[in-house]
Amino acid sequence: MGHNHTEGANKKVLLISFIMITGYMMIEAIGGFLTNSLALLSDAGHMLSDSISLMVALIAFTLAGKKANHNKTFGYKRFEILAAMINGVALILISLYIIYEAIVRFSHPPEVSTTGMLIISIIGLIVNVLVAWIMLRGGDTEGNLNIRGAYLHVISDMLGSVGAILAAVLIIFFGWGWADPLASVIVAILVLRSGYNVTKDSIHVLMEGTPENIDVIDIIHTIEETEGIQNIHDLHIWSITSGLNALSCHAVVADQLTISESENILRKIEHKLEHKGITHVTIQMETKANHHDNTILCQAKI
């Protein structure tokens, strides 16, 4: 129930953010063309990527809610991770393009309508701060990689607005035309870093990597300290999607254990692991006589 409530809150936050970002993105893009400001245009580009990323995130949440079937036995929850990776790659590409454009403008700084640039940047900053606050208050920006990717898009836009404001002020008071492309480069580098981190985390999940909040050694000790367990092997821990971690392993038990005793051991292990962030547990019980050491990730190799 708690997971469904969080998912519903995330979808609501994304929808509100999408409407606000898309509306102002159109205004900022027009303003960037009219004022001839790269800082504004780059910020509008960020907002366009935001709009797309929020739409993709919304679609991902909708698809992730579909029930599992014979073709997709884990359901469609990985769409959230795919959406996060798309957002991360989009951030990287946009930041690289902005850096390229800024380098060209350094040698030939164009005339910029600073008053219009300043007004639009301030309004853009207000919009981005409001959207970031809505996402931070109502969405799971820490635990859900999909939401975090969209949230980082908004934060990068907020930085873009700050950069455009500073550039406008420097041009107005000092006539520094290079401040416009410089602000774009600084923001683009920050965006590039965020995009890299989101993409890296998404790929880690898609590659079935161990979740960052899981201590493998602690998990091994937790299972092996359970009465009735002699040792474990073939241990795998991975994330199905953000906040949904899974574990599978083989556990060696005494030959004389009954089915009822084995089930009690399983219940104890599941209870312990649930408190350590693992919600989906599959353990195959086997006796020492049936245990073979030639399987991958055997206990001796962990």
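1. Two residues are in contact when heavy atoms of theirs lie within 4.5 Å. Keep that in mind for the first thing to look at in this model, which is a predicted one. Take the contacts in the protein with a separation of 6 or more: residues 24 or more positions apart account for 75% of them.

2. The protein has eight helices and three strands. If you walk along the sequence, they come up in the pattern α-α-α-α-α-α-α-β-β-α-β. As for burial, 46% of the 302 residues count as buried.

3. Have a look at α3 and α6. Which way do α3 and α6 run relative to each other? Their packing angle is about 155 degrees, and the axes are 7 Å apart. An angle over 145 degrees counts as roughly antiparallel, so that is the label for α3 and α6. The crossing of α3 with α6 is left-handed. What sort of residues make up this contact? They divide into 24 nonpolar, seven polar and two charged.

4. Helix α7 covers residues 216–224 and helix α8 covers residues 259–274; they pack at about 150 degrees, with axes 10 Å apart. By the over-145 cut-off, α7 and α8 are therefore roughly antiparallel to each other as well. Here, though, the crossing is right-handed.

5. On the α7 side, look for I219, T222 and I223; in α8, they meet I269, K272 and L273. Sorted by type, the residues of this contact are four nonpolar, one polar and one charged.

6. On to the charged pairs. How many salt bridges does the count come to? The answer is three. Let's take them one by one.

7. The pair R78 and E208 forms a salt bridge, and its closest N and O atoms are 3.3 Å apart. This pair links distant parts of the chain: R78 sits in the loop between α2 (38–64) and α3 (79–107), while E208 sits in the loop between α6 (179–206) and α7, 130 residues apart. Are these two buried or exposed, or something in between? Buried means under 20% relative accessible area and exposed means over 50%. R78 has 23% relative accessibility, so it counts as partly exposed. With a relative accessible area of 40%, E208 is partly exposed too.

8. D218 pairs up with K276 in another salt bridge, where the closest N and O atoms are 2.9 Å apart. D218 is in helix α7 and K276 is in the loop between α8 and β3 (280–287), so this pair ties together parts that are 58 residues apart in sequence. D218 is partly exposed, at 31% relative accessibility. K276 is also partly exposed, with a relative accessible area of 29%.

9. The remaining salt bridge joins E270 to R267, with the closest N and O atoms 3.1 Å apart. Where do E270 and R267 lie? Both are in helix α8, three residues apart, which is about one turn of the helix. E270 is partly exposed, its relative accessible area being 29%. R267 falls in that class as well, at 45%.

Notes
Residues numbered from 1 in each chain as written. Predicted model: local features only at pLDDT ≥ 70, side-chain atom pairs only at ≥ 80, totals over all residues. Heavy atoms only, no water. Axes fitted to C-alpha atoms, helices over the stretch in contact; angles between N-to-C directions. Helix = DSSP H or I, 4+ residues; strand = E, 2+ residues; numbered from the N terminus. Parallel < 35°, antiparallel > 145°, perpendicular 65-115°, else oblique. Left-handed = near helix turned anticlockwise from the far one by under 90°. Nonpolar A, V, L, I, M, F, W, Y, C, P; charged D, E, K, R; others polar. Salt bridge = Lys/Arg side-chain N within 4 Å of Asp/Glu carboxyl O. Buried < 20%, exposed > 50% of the residue type's maximum accessible area, 1.4 Å probe, protein only.
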